[in-house]
Amino acid sequence: MLGLKLKTDPRWANIAESNLEEILSDHCWCEQKAAANAMYIIINNAEKEDLVTEMTKICIEEMEHFQMVHNIIKTRGYEFGRERKDDYVNELVKFSKKGGTRNDALIERLLFAAMIEARSCERFKVLSENIKDKELAKFYRELMISEANHYTTFLNFARKYKEKIDIEKRWKEWLEFEGELISNYGKKETVHG
């Protein structure tokens, strides 16, 4: 369903589980950034009522996820680490096409968001199936479903508002780029690392 070109090695879950405090802090910040992205789309596309309605739902849900992860951090006595740079996401930002119309910018932002949600969904699946911590395995299974829904929402809006852009061609370009990019990751206890 996701179309990702390279699957995460299940051994990445072992790396993540070796430092749960770090993966949970990183995950918490990923949820905050996802909420900020949905808000950014709202701010820049206020005239698209259906888009604003759905992005509002996603923004709220992402902040609920932030709160859930933060609660796990507190309950386990971990320290919520400071926000850190996400090299994977920064590389995706560089790949985004610049210039063009406001609508072109919207399409790129939607595809960018869909890409992140797709990879996060896949990573959460790997965690849910490979970590020994049963509570977190169940938690990541539930979040995997949410990420899949967000992925399809972003991609469907890109298709709806495409105008002159060949969405399927551009999405394939995103998938190809991400497939090469992700081969450099999977070695750290971060969601995209």
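Mentor: A residue is buried when its relative accessible area is under 20%, exposed when it is over 50%, and partly exposed in between (1.4 Å probe, protein chains only). This is a predicted model: local features need pLDDT of at least 70, side-chain atom pairs count only at pLDDT 80 or more, and totals for chains, interfaces and linings use all residues. Residues are numbered from 1 along each chain as its sequence is written, and side-chain values use heavy atoms, with hydrogens and water left out.

Trainee: Why is Lys5 called partly exposed?

Mentor: Its relative accessibility is 49%, which falls between the 20% and 50% limits, so the label is partly exposed. Lys5 is in the segment before helix H1 (12-17); helices here are DSSP runs (H or I, at least four residues; strands are E, at least two), numbered from the N terminus.

Trainee: What is Lys5 in contact with, beyond its neighbours within four places in sequence?

Mentor: Contact means heavy atoms within 4.5 Å. On that basis Lys5 touches Leu175, Glu176 and Gly179. As for Glu122, 117 residues away along the chain, its C-alpha atom is 11 Å from that of Lys5.

Trainee: Thr8 is also in the segment before H1. Is Thr8 buried or exposed?

Mentor: Thr8 is buried, because its 9% relative accessibility is under 20%. Leaving aside neighbours within four places in sequence, Thr8 is in contact with Arg119, Glu122, Arg123 and Val126.

Trainee: What makes the pairing of Thr8 with Glu122 a polar contact?

Mentor: A polar contact is a pair of N or O atoms within 3.5 Å; within protein, one must be able to donate a hydrogen and the other to accept it, and residues adjacent in sequence count only if both atoms are side-chain atoms. The side chains of Thr8 and Glu122 are joined at 2.6 Å, and those of Thr8 and Arg123 at 2.7 Å.

Trainee: How do you know that the charge of Arg123 sits over the ring of Trp12?

Mentor: The test is that NZ of Lys or CZ of Arg is within 6 Å of the ring centre and within 35 degrees of the ring normal. The charged end of Arg123 is 4.6 Å from the centre of the Trp12 ring. Lys48 likewise lies over the face of Tyr161, at 5.2 Å from the ring centre.

Trainee: Why is the pair of Phe157 and Tyr161 called stacked?

Mentor: Rings of Phe, Tyr and Trp (its six-membered ring) pair if their centres lie within 6.5 Å; planes under 30 degrees apart count as stacked, over 60 as edge-to-face and the rest as tilted. The structure holds ten such pairs. Phe139 and Tyr140 have centres 5.4 Å apart and planes at 70 degrees, which makes them edge-to-face. The rings of Phe157 and Tyr161 have centres 6.2 Å apart and planes at 10 degrees, so that pair is stacked. By relative accessibility, Phe157 at 9% is buried, and Tyr161 at 15% is buried.

Trainee: What makes a set of residues a nonpolar core?

Mentor: The residues must be buried Ala, Val, Leu, Ile, Met, Phe, Trp, Tyr or Cys, joined through side-chain atoms within 4.5 Å. The largest such core has 62 residues, and those with the most contacts inside it are Leu24, Met55, Met115 and Trp171. H5 gives the most to this core, with 14 residues. Apart from neighbours within four places in sequence, Trp171 is in contact with Leu111, Ala114, Met115, Tyr151 and Leu155.

Trainee: How do you know that the span of H7 agrees with its number of residues?

Mentor: The expected span is 1.5 Å times one less than the number of residues. For the 16 residues of H7 this gives 22 Å, and the end C-alpha atoms are 22 Å apart, so the two agree. Buried residues of H7 include Ile167, Trp171 and Leu175, and what covers its buried residues includes H4, H5 and H6. At the N-terminal end of H7, Asp166 is the cap: a side-chain oxygen lies 3.4 Å from the backbone nitrogen of Glu168.

Trainee: Why does Glu163 count as exposed?

Mentor: Glu163 has 58% relative accessibility, which is over 50%, so the label is exposed. Glu163 is in the loop between H6 and H7, and has a positive phi of about 50 degrees although it is not a glycine.
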